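Please walk me through this structure, beginning with the surroundings of the ligand and then turning to the aromatic pairs and the backbone.

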Amino acid sequence: MEINPAAIQSRFLRACHRLPVDRTPVWFMRQAGRYLPEYRAVRARYSLLEICAQPELAAEVTLQPLRLLPVDAAIIFADILLPLIPMGVRLDYSAGEGPVIHTPVNSYADAAALKPIEPREALSNVLEAIRLVRHELNGKVPLIGFAGGPFTLACYLIEGGSSRGYLKTKQMMYAEPHAWRLLMGKLTRVVTDYLLAQADSGAQVVQLFDSWVGTLGPQDYREYVLPYSQIIFRALKGAHIPAIHFGTDTSALLPMMREAGGDVIGLDWRVSLDQAWNMLGPDVGVQGNLDPAALFAPKPEIGRRVVSILEQAGGRPGHIFNLGHGVLPDTPIENVLTVIELVHEFSKGARS
Ligand code: CP3
């Protein structure tokens with residue numbers, strides 16, 4: 001990517017470009033959400049889908065964590081499943097159980113029935129929320145846009161919701177390759193257009209959440225997922241903004257995720273950051289990788305874990321501090337604040 005290093009001010013964007021920073025940038029996946037009383041107050045009046053549908057509400061919820069916490073980036077409030085709704089999928093979010101898809105995809109015919117959409121129109125409310133947040137942030141911190149990876153979206157569509165073993169998904173992959181290719185091709189097209197539209201609307205970085213790819217062995221990842229993710233990251237090069245490629249349980253997949261694309265690879269806590277980064281090589285950034293459960297530990301224990309991650313990063317340009325997955329619902333806010341303060345304090349002036 002052609003960049004002028006001096007022109008990039010924010011430490012989050014600098015880290016995405018692997019430029020030296022004054023302090024390690026930190027943000028949290030799911031930094032807006034149920035651990036914040038302000039979010040719960042909005043949720044008492046509106047459903048998740050209602051919040052996502054109204055740009056003013058989505059913008060407000062996006063900004064809530066930024067008023068309480070000195071994080072280095074905002075992430076637009078939306079959900080990875082939103083693009084499925086205009087494609088004709090009926091879904092809702094049941095309390096405690098997560099998403100429920102009422103019209104699962106079980107066959108070639110089901111995949112064929114999914115409507116192709118134009119995200120610039122069908123998801124214009126998310127794009128409008130992005131414009132509102134950029135205006136309100138007024139350059140304070142960068143805004144991250146996001147979408148689900150085609151594999152992770154396919155998992156929800158085929159399983160009809162959350163799953164442990166993804167057996168139905170793998171059955172379609174192995175037994176109905178035409179249906180799999182049709183479904184993944186359609187999802188790839190929508191995700192690509194959606195992310196490009198988010199970039200045009202003001203998202204300064206985008207993250208692909210391929211949260212559940214870790215259920216696959218390396219050969220299956222290469223055959224059934226990598227080609228599609230690669231199409232998305234290649235297309236994003238034309239948007240000239242950095243892309244983060246995230247998954248969980250990916251220790252055996254990291255080199256292939258890197259091959260698929262992304263300027264920064266998201267790591268969960270099941271890998272050690274230094275080993276993972278050494279495996280990925282120096283010409284890619286890494287994001288992570290504190291266990292979200294560590295935010296329930298006593299402060300000295302949180303501190304040890306934060307410092308350990310920063311020591312593993314060793315001041316190399318290109319580290320973005322984050323959890324290995326999203327903030328859990330009952331997380332104490334003061335512990336989130338502790339992590340941010342520790343990251344900023346410990347990484348100050350530690351650059352080589
Ligand atoms: O602050 C942010 O990070 C932005 C908001 C955001 C949401 N979903 C809002 C949301 C983001 C980035 C997502 C991504 C998302 N959604 C992922 C990828 C990240 C991950 O966790 O792996 C996935 C797999 C989903 C699908 C999804 N949506 C699930 C599994 C659930 C239920 C789990 C839960 O926490 O209840 C949702 C619902 C959802 N999406 C909530 C929020 C804040 C909680 C619902 C509520 O407020 O009642």
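A polar contact is here a pair of N or O atoms within 3.5 Å; within protein, one of the two must be able to donate a hydrogen and the other to accept it, and residues adjacent in sequence count only if both atoms are side-chain atoms. The model is a predicted one, in which local features need pLDDT of at least 70 and side-chain atom pairs count only at pLDDT 80 or more, while totals for chains, interfaces and linings use all residues. Residues are numbered from 1 along each chain as its sequence is written, and side-chain values use heavy atoms, with hydrogens and water left out.

In the side chain of Tyr-39, an N or O atom lies 2.4 Å from an oxygen atom of the ligand. Arg-34 places a polar side-chain atom 2.6 Å from an oxygen atom of the ligand, and for Arg-43 the distance between a side-chain N or O atom and a ligand oxygen atom is 2.6 Å. On its own the ligand has 860 Å² of accessible area, of which the protein covers 89% (by the Shrake-Rupley method with a 1.4 Å probe; for residues, only the protein chains shown count as cover).

Around the ligand there are 22 residues, and those that come nearest are Arg-30, Arg-34, Tyr-39, Ser-211 and His-325; a residue counts as near if one of its heavy atoms lies within 4 Å of the molecule or strand in question. The shell comprises 14 nonpolar, four polar and four charged residues, where Ala, Val, Leu, Ile, Met, Phe, Trp, Tyr, Cys and Pro count as nonpolar, Asp, Glu, Lys and Arg as charged, and the others, Gly among them, as polar.

Elsewhere in the backbone, Gly-288 and Asn-289 are joined by a cis peptide bond with omega about -5°.

Five aromatic pairs occur in the structure, a pair being rings of Phe, Tyr and Trp (its six-membered ring) with centres within 6.5 Å, and planes under 30 degrees apart counting as stacked, over 60 as edge-to-face and the rest as tilted. The rings of Tyr-174 and Tyr-224 have centres 6.1 Å apart and planes at 65°, so this pair is edge-to-face.
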